[in-house]
Amino acid sequence: MRGCDSAHYKPGIPGRGLQDEGRDVVMRIEKSDIEYLKDSGLFDAEWYIENYPAAAAIKIDPAEHFLRIGVRLKWNPSPRFDTAAYLAEHPDVERSGINPVLHFLRNGSVTDAKAPTEPSAGADADEGRSKAPVGSPGGTSSEFRTSRPRRNLTPDMQRLLQAAERSGAARRADATYDAIKSEFDPAYYLLRYPDIARAGIDPVRHFIDAGAREGRDPSPAFSTRYYLNRYPDIRDGKYNPFQHYVMHGRSEGRGSSPLTPASPAFGRYCEAFGLDPKRLEAELDRKRRDLRERLDGGVLGDMVRRAEKLEPLVGHAWLAAMNPGLSPIRSEQVLSQMAAIHQLQEQAARRRAKAIVMIPWCHVSGAARVAAHLATALAGIYGPDEVVVVRTETSEMQFPEWFPAGCRHVDLAGQVEGITAEGRQRLLVEFLRSLRPDVIFNVNSKLFWDALEPYGKALSHSARLYAYLFCSEKDIFGRWAGYPVRKFHLHFDLLDGVITDSHYLADELRNLFMVPPERADRLWTLSTPVANPPAPAPVPAAGRRRPQIFWAGRLDRQKRIDIVYALAERMKDVDFRMWGKPGLDKSSSRLQPPSNVTLEGTYKDFSELPLAECDLWLYTSEWDGVPNILIDVAAAAIPLVGSLAGGTGEVLKDGLTAPIRDIEDVSAYERAIRGVLSAPETARKRAADLRERVLSERTEAVYREALRQMLDRGSDQ
Amino acid sequence: MSGFDITVAVTAHNESVVAGPTMRSAEAAIAEAEAAGYTIERLVGLDRPTPECAQFFGQPDLSAWSLSEHDFGDPFRVRNAIAERASGKYIAFLDADDLYSENWLAMAARRLDEAERADERVIVHPELNWIFESSEVVFVKPDQDSYLFNPYYLYFANYYDMLSMAPRQALIEKPYGPRDIQNGFGYQDWQWNVETMGLGWKHVVVKDTVIFKRRRAMSVSVENVQRKAVIRAMEPLAIDRVNLLKPTASSLTT
């Protein structure tokens, strides 16, 4: 035995460079110490280089590196010796500056009970058992066994695990226990459920007896609650859920937690990106195991332990580290969002767009028609391929023919399964920004309106934003609601332009919100064009026939079918023919139509109607913008009697139609109708004049030019 | 410019004793890097420091650190300023309340050395983000060319955060953008990561290294979440460019 003072080290002093002090150590190393260390079996050069790659950067013998430098940094010579732990247990060695490994070699075999008795941890891991390293508290027990090195666990945790092992060893025979034991993660269970650790009971036994029932998880890879919720067929209690998974569920392809191939989000993700779910799962599993091994017994965990000595709070995240997030497979929500944006970009043909039109859906509605006119005008300005129409609330696309040929359609509503309302807003915003558009128009997309609140400012830096407003709505209690009421004041400052289809609404907004004159040019009224002007409707043949009054619209409260029915009761000599279907508001559908009312159902196109039989068109809405049906009727030169409500007066011109100012006055409607029926030629002449006026004011060219002006103004600003 | 290998740049604003563990971890990592033969420049950038913060970093035990004071109110602009004046070939930032793993500097520099020899433009990050204190989360970051890396994630989340070691050249070529939370923009680190990817810098992680990130009840990142901040729209994330962010494997199916 040689003297023990030949090799010294000094711990580093934070806040000062260490190199000068280190040189002092370098001078004291003797060649014989290096050889002694190499021969001791406690130094593993290959392991040392692999775990401390910095050592390889200096071209000296690894053993010499350890003695000169590594020991100062409390590095280990091999998995079999824990330098830091040895020094912690032998403060006299640390104070004296003696090399702890040499101290152990020269004194430990006689005075210390921590002599190594088994091969290195690396070999143990392959054999399914290991010995804690010399120096570490775990190394004091010859009973300690585990499936992998756990030298980075705290001594207390190791003691708890040993107690658990002993408790488990004394158990009675139990099929469930045997089935799950090998996959049960006692360290995870104890750390996650400290009550079990404090109780000092076998965690496996606890899980079988109570834990599963209480929804506790036996390992980070298995969620008991998820499994029971996802697979109700095993709730009969025949199997412990984890046992079921281990024995049957896994081979049946059942998922152990949300981020597995059994999850719809996981499946959507793999499908969108052409990934093999099994391969991805295997890769994730491999990565988790590798991480856990390196945390429990490798350099990674050692780094954490060292940091924990500087900041104890670091150690409180060990539990989180046992179930780490593996980006990007970290949440079902994000997986679904990633899959969705990929699919949306595919639908957009992976090309940019200059103009985007947001719509909720496309079915029979005035807003959808306006959106189609807008898209057509934008196609005329930018080119059809530069226009993308996005449906956000439902996938409905009943009238693709309304939109310009060559524009791209994207069904966002069809890609949002599993994504929260907030997540959909973000999805929409990121998709829109990825298109790199110049302009974005919202035509009644609720999702877009909602997304403007959190993301509007950011979005407005990427594109000019415009929004259509049509008319406010009255709720069932008579209170005003709808986008003009709810959204105008929130987003007017953000938007480059607010578009109305009626001067009426623009004026109302201007007055109600006191829009300052300098900002008034952000409010635009674009008169909805007549896309394909119909020929004047034929005049019904003269002769003995009952007059026919046509009406069309949603059969709901707004359209006031009660007024139509009241008129029909008064005018039994006239037939009322009504087209439409109930909307969301069913409060009017319980009304019984009088015998001279015929509910004709729906039509797809105005031209399908038997207009040659129509003597007069009746309109009874209580509130409105400029409804398309009025424009269609006017363009067909059919005499009109209708309520003045909101923007309807922009078609129901005095002298050319019979506008009703007091919309509740049924007698007024009756007088106007009888006036038209009694002088049909005059009425037709006026209708023809109205047609001429509407067709000259509401052309696609006029609309496009107004739109262009608005866009030019926006780009100037 | 003198020849330091690494500039360690700590940024602080209102941190005082909470930076104790930070500085000790930095010194431990520096010691290991020096043991591996690297020379280190120690810089601290104080941004509108509170009196307590200035007092902390002015203490004698930190005399090896060179202090600079700034008036940005934006830690990323401080980083840009430090990058301008740094003498190190590589720059490693550290927030004054976070901790390095002891091996970070040495192993990160070694990886950048390898990249330089291979004539690659590489920025390195720790393998783990270990979040502690007011929330405890650990997540693992993938290499940009790994099987798990998917560029579409960058629309919704950041893989790497601000903790990186980068050649000074990368920071000069692409400084961090300004903070603009009033207009809904945050996450300058996320933005910088995407921008540098777009410029051909490959982001990789260094095995067995960790950044320990202290999550405080109120911080820039918490404010970003609360205000639903996003990164700016950028060319690399355009519909026809995003797939190019996966550098080696041309598609996720490979």
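This is a predicted model: local features need pLDDT of at least 70, side-chain atom pairs count only at pLDDT 80 or more; totals for chains, interfaces and linings use all residues.
Visitor: Which elements of chain B each supply at least two residues to the side that touches chain A?

Guide: Helices H1 (19-35) and H4 (104-117) do, with strands S6 (122-133), S7 (137-140) and S9 (202-215). Helices (H or I, at least four residues) and strands (E, at least two) are DSSP runs, numbered from the N terminus. H1(B) gives the largest share, eight residues.

Visitor: What residues, by class, make up that side of chain B?

Guide: It has 37 nonpolar, twelve polar and 19 charged residues. Nonpolar means Ala, Val, Leu, Ile, Met, Phe, Trp, Tyr, Cys and Pro; charged means Asp, Glu, Lys and Arg; the others, Gly among them, are polar.

Visitor: What area is buried between chain B and chain A?

Guide: Buried area is the accessible area (1.4 Å probe) that two parts lose on being put together, summed over both. Here it is about 6,500 Å², with 63% from carbon and sulfur atoms. In chain B, B:Tyr147, B:Phe156 and B:Ile239 lose the most area to chain A, together 13% of what that side buries.

Visitor: How many salt bridges are there between chain B and chain A?

Guide: Side chains of opposite charge can pair when their charged atoms come close. The rule is a side-chain nitrogen of Lys or Arg within 4 Å of a carboxyl oxygen of Asp or Glu. Eight join chain B and chain A. One links B:Glu235 and A:Arg352, at 2.8 Å from N to O.

Visitor: Which strand of chain A joins S7(B)?

Guide: Strands pair if DSSP finds at least two bridges between them. S1 (residues 325-326) of chain A runs parallel to S7(B), with two bridges. A:Gly325 stands opposite B:Phe139.

Visitor: Which peptide bond is cis?

Guide: Most residues other than glycine have a negative phi, and most peptide bonds are trans. The bond from A:Ser327 to A:Pro328 is cis, with omega near 5 degrees. A:Pro328 sits in the loop between S1 and helix H21 (332-347) of chain A. A:Arg436 has a positive phi, near 55 degrees.

Technical notes
Residues are numbered from 1 along each chain as its sequence is written. Chains are lettered from A and ligands numbered from 1 in the order in which they are written. Side-chain values use heavy atoms; hydrogens and water are left out.
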